[in-house]
Amino acid sequence: MDFATWLRRWLLRHPLKEPPAAPRATYTAEVMRQVSALHVPSLTPAPRWLAWPRLALVPLAAGAVVLILVGRSHLPGGSPAGQITADAEVLTALGQPLLPEPGSAGGLEELAQELELADALVLAEAPPTDEEWVAETLHLLEELDEEPAAGPSDTAVPDEWLEELELLDEGELGASS
Amino acid sequence: MADCDAEAIRAVLNGDAERYAELVDRYQGPALRLAFSFLGNYEDARDVSQEAFVSAYQALGRFRASAKFSTWLYRIVINECKDAYKRRARQPMAASGLGGPDSEEDAGDGLFADAADPGAGPGDQLVARELSLALSAAIRDLPAQQQTAFFLHHVHGLPLEEAAGVMGCRVGTVKAHVFRATERLRVRLARWVNEEGPP
């Protein structure tokens with residue numbers, strides 16, 4: 001038999017002691033005598049400070065959500081569609097034309113020329129390709145009467161190259177000045 | 001019962017204060033026994049439970065019909081018992097009772113009645129009496145929440161849900177308190193427990 005069962009059985013056989021015999025009416029009369037000296041209680045509504053914050057928070061929260069959404073749509077870093085719309089509004093306000101009409105061939109040709117010109121500028125500023133860099137390096141090595149490196153695993157040679165290339169650059173700079 | 005309570009409460013709130021006597025008459029027994037289990041003597045328990053009824057009357061306007069009047073009243077009784085404890089603690093030579101020392105000798109006559117077993121011999125009755133004192137003292141030494149949960153559920157037979165309502169906590173919390181209280185009592189009463197069952 002586990003202890004809980006043992007305890008329950010014991011409590012059933014030994015209930016709480018009974019109060020000393022006293023008329024129930026006396027007890028009630030004593031309470032009612034004290035109660036009669038008091039004001040009659042009346043129903044009190046739920047405290048308003050419990051109810052109003054919740055009601056006030058609902059429109060506040062809704063307003064905050066609307067403000068956030070409106071604010072996000074007007075931010076410069078908003079969605080691309082929003083940016084295009086905003087740019088279009090600015091261009092319209094400045095009296096500038098928007099994108100060329102799909103049917104106007106002249107506008108498209110101008111746009112294509114501008115794009116080619118921009119590409120040409122970008123290509124002119126582009127760094128040399130790997131092939132060009134290798135050709136220049138080989139040319140410099142020929143001038144120095146050096147053999148190209150045996151392979152990528154040879155780590156000592158590139159350091160020597162760099163030193164010699166730096167010396168060569170300094171010599172060229174000195175000669176030109 | 002709940003409908004009768006609600007009707008009496010409505011009448012009192014509408015100005016018929018005399019109807020409160022119905023509630024006092026109906027719940028004085030449980031309120032008195034509950035206070036006795038905490039305080040250990042019926043003289044104090046009577047005063048404290050009557051104060052609880054007066055407090056309940058004063059606060060009746062805040063009572064919500066969704067709750068049971070008995071649950072609400074028991075909570076007030078327990079709070080009044082705690083206040084009585086505090087008053088006792090402030091008195092240097094306080095009367096003996098549940099606020100007393102730990103020893104079993106100071107437990108008074110114990111909380112529990114002697115078994116009404118006509119066949120029990122004097123030896124059995126003595127053992128039962130000693131066990132009653134030991135159990136009363138062990139319950140007195142429980143932490144307050146465990147003591148309350150144990151009294152409400154095991155001694156007064158309240159379902160766990162109602163005990164949780166009285167204590168203002170979850171049912172699981174009451175279960176945990178009752179379990180821990182039982183474990184503590186098991187340790188304290190180890191020498192009394194045997195396979196033959198309780199005396």
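**Ile139(B)**

I started with Ile139(B), which, leaving aside its neighbours within four places in sequence, is in contact with Gln147(B) and Phe150(B). For me two residues are in contact if their C-beta atoms, placed from the backbone, lie within 7 Å. I noted that this is a predicted model, where local features need pLDDT of at least 70, side-chain atom pairs count only at pLDDT 80 or more, and totals for chains, interfaces and linings use all residues. Residues are numbered from 1 along each chain as its sequence is written, while chains are lettered from A and ligands numbered from 1 in the order in which they are written.

Ile139(B) sits in helix H5 (residues 122-140) of chain B. Helices here are DSSP runs of H or I, at least four residues, and strands are runs of E, at least two, numbered from the N terminus. I checked burial next: Ile139(B) has 25 other C-beta atoms within 10 Å, so it is buried. The cut-offs are 20 or more other C-beta atoms within 10 Å of a residue's own for buried, 12 or fewer for exposed, and partly exposed in between, with C-beta atoms placed from the backbone. I also looked up Leu111(B): it lies 28 residues from Ile139(B) in sequence and 9.7 Å away in space, C-alpha to C-alpha.

**Both chains, counted**

I listed the elements. Chain A has seven helices and zero strands; chain B has eight helices and zero strands. Burial came out at 5% of the 177 residues in chain A and 36% of the 199 residues in chain B. In chain B, 60% of the contacts with a separation of 6 or more are between residues 24 or more positions apart.

**H8(B)**

I moved on to helix H8 (residues 171-188) of chain B. Its 18 residues should span 26 Å at 1.5 Å a residue, and the end C-alpha atoms are 26 Å apart, which agrees. The expected span is 1.5 Å times one less than the number of residues. Val174(B), His177(B), Ala181(B) and Leu185(B) are the buried ones I found in H8(B). They cover an arc of only 65 degrees around the axis, which puts them on the same side of H8(B); the arc is that of the directions from the helix axis to the C-beta atoms. On the face turned away from that buried side I see the exposed residues Gly172(B) and Val187(B). What covers the buried residues of H8(B)? I found that the cover includes H1 of chain A, together with H5, helix H6 (144-155) and helix H7 (160-167) of chain B.

**Where A meets B**

I counted 31 residues of chain A in contact with 36 residues of chain B. Helix H1 (3-13) and helix H2 (24-36) of chain A each supply at least two residues of the side of chain A that touches chain B, and H2(A) gives the most, with nine residues. I sorted that side by class and got 19 nonpolar, six polar and six charged residues. Ala, Val, Leu, Ile, Met, Phe, Trp, Tyr, Cys and Pro count as nonpolar, Asp, Glu, Lys and Arg as charged, and the others, Gly among them, as polar.

H2(A) itself has 13 residues and reaches 18 Å from its first C-alpha to its last, close to the 18 Å expected at 1.5 Å a residue. I find Tyr27(A), Thr28(A), Val31(A) and Val35(A) buried in H2(A). Seen down the axis of H2(A), they fall within an arc of 95 degrees, so they line one face of the helix. These buried residues pack against helix H2 (20-39) and helix H3 (42-58) of chain B. The face of H2(A) turned away from its buried side carries exposed Ala25(A), Thr26(A), Ala29(A), Arg33(A) and Ser36(A).

I then followed the chain to Pro41(A), in the loop between H2 and helix H3 (48-73) of chain A. Is Pro41(A) buried or exposed? I noted 21 C-beta neighbours inside 10 Å, so Pro41(A) counts as buried. Leaving aside neighbours within four places in sequence, its contacts are Val12(B), Leu13(B), Tyr57(B), Gln58(B), Leu60(B) and Gly61(B).

**The core**

Last, I looked up the largest nonpolar core, which has 53 residues; Leu73(B) and Ala163(B) are among those with the most contacts inside it. Such a core is a set of buried Ala, Val, Leu, Ile, Met, Phe, Trp, Tyr and Cys residues joined through C-beta atoms within 7 Å. H2(B) gives the most to this core, with 11 residues. Domain 1 (2-90) and domain 2 (104-192) of chain B both give residues to this core, so it lies between them; the domain bounds come from an automatic or database domain assignment. Leaving aside neighbours within four places in sequence, I found Leu73(B) in contact with Tyr27(B), Ala31(B), Ala52(B) and Ala56(B).
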